[in-house]
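Dear colleague,

Please find below the structure that I promised to hand over. My notes on it follow directly after.

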Amino acid sequence: MVAPRGRASGYTGYMSVFSQIITGSLPGRFVWADDVCVAFATIEPAQPGHVLVVPREETDVYYDVPPHVFARMANVAQIIGKAQVKAFHTPRAVLSILGFDVPHTHIHVIPAPDQESVRTVGAKAASDSELDSAMSALRQALIDLGYGENVPPDMSSPRLSA
């Protein structure tokens, strides 16, 4: 079942693919978790290390996300961007909020070697080993930067304790 566009959290007839990843119904590779949001690998990365910062509360469009949640998501995206620069030796990381494919707000955080390499349209699926390697490097960079308390002990779970 596809949710009608514009539905915000509380719509009970649909659970987005991101909500299913967060609840463990679908697999994910997590690099960040807190009470407000999570960050996990996209299966079609523009660059190795490309992740999505997603609020735990399902909301279709970013301007309907409560301000305190959106502020936390932006803060987490900044932290992850710093870790991406460290882990992937890129000059910067970039953000985008698109939301056309999945009706659950998400911020793309992409390591950016240059402007042309961060296009999400036409990105190809990465292999399991490529995703595992990139997420392991990013998780370690987050730990090295002092954010280990938000790196889940198990990459496949958004929980902070075993």
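Does Arg-29 count as buried or exposed? The model is a predicted one, and in it Arg-29 has a relative accessibility of 18%. Arg-29 therefore counts as buried, since the cut-off for that word is under 20%.

Salt bridges

The count of salt bridges comes to 3. Arg-29 and Asp-128 form one of them, with their closest N and O atoms 3.1 Å apart. Arg-29 lies in the loop between α1 and β1, and Asp-128 in helix α3, so this pair ties together parts that are 99 residues apart in sequence. Asp-128 is exposed, with a relative accessible area of 53%. Arg-29 also meets the side chain of Asp-132 in a salt bridge, at 2.5 Å from N to O. Here too distant parts of the chain are linked, as Asp-132 in helix α3 and Arg-29 are 103 residues apart. Asp-132 is partly exposed, at 32%.

Because Asp-34 lies in the loop between β1 and β2 and Arg-72 in helix α2, the pair ties together parts that are 38 residues apart in sequence. Asp-34 counts as buried at 9% relative accessibility, whereas Arg-72 is partly exposed at 25%.

Helix α3

Helix α3 covers residues 128-144. Its buried residues include Leu-131, Met-135, Leu-138 and Leu-142. An α-helix has 3.6 residues a turn, so residues three or four places apart point the same way. The buried residues of α3 pack against β1, β2, β3 and α2. After α3 comes Gly-146, whose phi is positive, near 95 degrees.

The sheet

An open sheet of 5 strands has the order β1-β2-β3-β5-β4, and its pairing is antiparallel. β1 and β4 stand at the edges with a single partner strand each, so one side of each is left without a neighbour in the sheet. From one strand to the next, the twist averages 20 degrees. Helix α2 packs on the sheet and touches β1, β2, β3, β4 and β5. Helix α3 lies across β1, β2 and β3, running at about 35 degrees to β1.

With kind regards

Key
Residues are numbered from 1 along each chain as its sequence is written. This is a predicted model: local features need pLDDT of at least 70, side-chain atom pairs count only at pLDDT 80 or more; totals for chains, interfaces and linings use all residues. Side-chain values use heavy atoms; hydrogens and water are left out. Helices (H or I, at least four residues) and strands (E, at least two) are DSSP runs, numbered from the N terminus. Buried means under 20% relative accessible area, exposed over 50%, partly exposed in between (1.4 Å probe, protein chains only). Contact means heavy atoms within 4.5 Å. Two strands pair if DSSP finds at least two bridges between them. Axes are lines fitted to C-alpha atoms, for helices over the stretch in contact, and angles run from 0 to 180 degrees between N-to-C directions. A salt bridge is a side-chain nitrogen of Lys or Arg within 4 Å of a carboxyl oxygen of Asp or Glu.
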